[in-house]
Amino acid sequence: MLEINNLHARVEEKEILKGLNLSIKPGEVHAIMGPNGSGKSTLSNVIAGREGYEVTEGSVLFDGKNLLDLEPEIRACEGIFLGFQYPVEIPGVSNMTLLKAAINARRKHQGETEIAPNDFLAWVRDRAKLVKIDPKMLSRGVNEGFSGGEKKRNEILQMLVLQPRLMILDETDSGLDIDALKIVADGINALRGPTRATVLVTHYQRLLDYVQPDYVHVLARGRIVKSGGPELAKELEEKGYGWLEAA
Amino acid sequence: MIRLMNEPTFDLNQGPATTMAANPQTSAAANVRDVTAMVASRKLYSAGFITDIEADKVAPGLSEDVIRLISAKKEEPEWLLNFRLKAYRRWLTMTEPEWAHVDYQKVDYQSISYYSQPKSMKDGPQTLADVDPKLLETYRKLGIPLREQEMLAGVQNVAVDVVFDSVSVGTTFKKKLLEAGVIFCPLSEAVKSHPELVQKYLGSVVPFADNFFAALNTAVFTEGSFVYIPKGVRCPMELSTYFRINERNTGQFERTLIIAAEGSHVSYLEGCTAPQRDENQLHAAVVELVALDDAEIKYSTVQNWYPGDENGKGGIYNFVTKRGDCRGARSKISWTQVETGSAITWKYPSCILRGDDSVGEFYSVALTNHRQQADTGTKMIHIGKRTKSTIVSKGIAAGRGQQSYRGLVRVLESAEGARNYTQCDSLLIGDQCGAHTFPYTEVRNPTATLEHEATTSKIADDQLFYCRARGIGEEEAVSMIVNGFCKDVFKELPMEFAVEAQKLLAVSLEGAVG
């Protein structure tokens, strides 16, 4: 599904990713862990297509298509979802407005007609229940005045509503209390299935207690320095990253 | 000696007074324009069609003779002619204001024709069935299906008085309104049918020598609407006038007068479009509102005059004086405007809060893209005790657009306990536009409370990327974010107008990013 080969990327002249390789198949959950500044967020942003991240070498293929040629909105319509580390506020634009525009953009991309208002409402409300978001919050501005935990739950809601095929969650677990963490994990698990894949970008083992990854990778100095199963995360929790960074 | 175009005499009933309207698509300027650039840039102004209709038109130029001719054509009483002449003589001594933050080539007032009337309207249509089908087609293109409106009377509940150049061609629902005692008709008709009301109130809010453009309007105004809501009546429907400048080289000088008697209530909608032309056109309107004791007037405008092309060629000069007088105690006047069109906007809908406990409101969204310039805002003059005013202004500048908010809050000595709240936000899109704020306050009573909040922000790349990462294209994302920014104002608009306003913003913003 996603094939990353020898990816080099820089931000403002500074090379952050230095030859990263990663292969993700449908149905898999990958955790990418690593110390601060190792390039985790850069990887997320490069996949989603954020401006200011320049790929200097390598390739990223999604279903065989060169992802780097596509505008961010096209990548999203193709089924890629980035859960933001710091979701922005968009005052005056309601969550419903954003969700509807997003759903219809994707439907248009796939040659479908716009969603019927009633179907849309029911679809969103059902998913809001899963992440314990009050329907009243849906008519408020996007993330406007939301707490840190509410913003992260809102990201998961958007993900549930849009049903992407590849989910990249950039430190979605950071700053969450245990209850919110469970809700977020439930949301992620709800979308787990043979046709979808998930990339969890995280600092901590904590989230992985609730979302069991198939693979764990350690990102350091711009490349993946070690890969393993879930047991690797536990090892990292005990030993830290020092022993890998030195290697 | 005044001459009608192609006509040797004043006699309107003889000779083919024909002015052919040219098709802009075939004009030299359009031909040389690079087609691909045109496609890549903003979509063609969707209201930019020209109706090919014969018109009676006075030769360009302004003099006392022209004013006498206009007055005679409209069969006006002596007092009105004198009112015009007085204004004209004062206007000659006035100079065009230069304090606004706008830069434009001055108007040659002698090159404008001050009267244009579709020829077939000469005798005036008695019913809509008499209206030239081409005119109706124009309105249909503009999205005001008069016929359907009348048929759907019970459903739509909007009465429309349409001004086509200088003559009002059709007034719907007049009867239904009359049953409620509401008078809603062209101003020229009101001069004949209700002279006492017109004489009493015309010029009582905006004096004939108020300012350069108001004096000009007073001298040459040709059409507009008149509304009178009697005591205690809640107007049964929203009243609406669509203005449209069609004839080349004609200015439009409409004059609107709305009077809400004691305890009455009216909501009035005004929408404006003009065809796309290479030359600039002048629009100098005057709107006067009078609210007596406990009366309420809500005046909403969606202005989409042709803004000129992306290089600043053509477009309407919108130099308008709008003022409401809260003459009675506990009266309320509320202005809501969405200004997306015009090359130059010079406009300050204001409230004189004369009655004790009266309330004035101004909600504004103004957008300038490409080379558009807008200097707009309001004046709130607090005279009565415990008068209250609210100002919410949202300015959006994109392309090389220049956007200025200019607002005055004046609290006189008599205005014990007056309150004002001003919120003034600017949003910038791109790095070649400008937003400016010129707030003035004059407070002569120490018990007054004034609050002022102002922000200037840019559409953040973060917000754009967030929307795009959800699959929403860049242009749609910008329009969504801008609509969010304007929400506080849009919620003041009547429902159907709010939808129109949102669409307009989206069209006006096309090509603003990327």
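This is a predicted model: local features need pLDDT of at least 70, side-chain atom pairs count only at pLDDT 80 or more; totals for chains, interfaces and linings use all residues.
Biologist: Where is the place of Arg221(A)?

Modeller: Find the loop that links strand E11 (215-220) to strand E12 (223-228) of chain A; Arg221(A) is in that loop. Its relative accessibility is 42%, so Arg221(A) counts as partly exposed.

Biologist: Next, backbone angles. How do I read phi?

Modeller: The general idea is that most residues other than glycine have a negative phi. With that in mind, have a look at Glu13(A): its phi is positive, about 70 degrees, and it is not a glycine.

Biologist: Where does Glu13(A) lie, and is it buried or exposed?

Modeller: Glu13(A) sits in the loop between strand E1 (2-11) and strand E2 (14-24) of chain A. Glu13(A) counts as exposed because its relative accessibility is 65%, and the cut-off for that word is over 50%.

Biologist: And what about the phi of Asp63(A)?

Modeller: Asp63(A) isn't a glycine, yet its phi is positive too, at about 55 degrees. You'll find Asp63(A) in the loop joining strand E4 (53-62) and strand E5 (65-66) of chain A. With 41% relative accessibility, Asp63(A) counts as partly exposed.

Biologist: On to salt bridges. How many are there over all chains?

Modeller: The idea is to look for a side-chain nitrogen of Lys or Arg within 4 Å of a carboxyl oxygen of Asp or Glu. Counted that way, there are 34 salt bridges over all chains.

Biologist: Can you walk me through one in chain A?

Modeller: Arg10(A) pairs with Glu54(A), and their closest N and O atoms are 3.3 Å apart. Arg10(A) is in strand E1 of chain A and Glu54(A) in strand E4 of chain A, so this pair ties together parts 44 residues apart in sequence. Arg10(A) is partly exposed at 27% relative accessibility, and Glu54(A) is partly exposed at 40%.

Biologist: What about Glu64(B) and Arg68(B): which helix do they both lie in?

Modeller: Both are in helix H3 (residues 64-73) of chain B, four residues apart, or about one turn of the helix. Glu64(B) is partly exposed at 24% relative accessibility, as is Arg68(B) at 38%.

Biologist: Which salt bridges share partners and join into one network?

Modeller: Begin with Glu474(B) and Arg468(B), whose side chains meet in a salt bridge at 4.0 Å, N to O. Arg468(B) is buried, with a relative accessible area of 7%, whereas Glu474(B) is partly exposed at 23%. Through shared partners, salt bridges join Glu51(A), Glu71(A), Glu73(A), Arg468(B) and Glu474(B) into one network.

Biologist: Last topic, strands. How should I picture the side chains along one?

Modeller: In a regular strand, side chains alternate between the two faces of the sheet. For a case here, go to strand E12 (residues 296-304) of chain B, which is mostly covered, with eight of its nine residues buried.

Biologist: Which strand do eight bridges join to E12(B), and do the two run parallel or antiparallel?

Modeller: The partner is strand E14 (residues 332-339) of chain B, and the two run parallel. To spot the pairing in the structure, find Ile297(B): its bridge partner in E14(B) is Ile333(B).

Methods:
Residues are numbered from 1 along each chain as its sequence is written. Chains are lettered from A and ligands numbered from 1 in the order in which they are written. Side-chain values use heavy atoms; hydrogens and water are left out. Buried means under 20% relative accessible area, exposed over 50%, partly exposed in between (1.4 Å probe, protein chains only). Two strands pair if DSSP finds at least two bridges between them.
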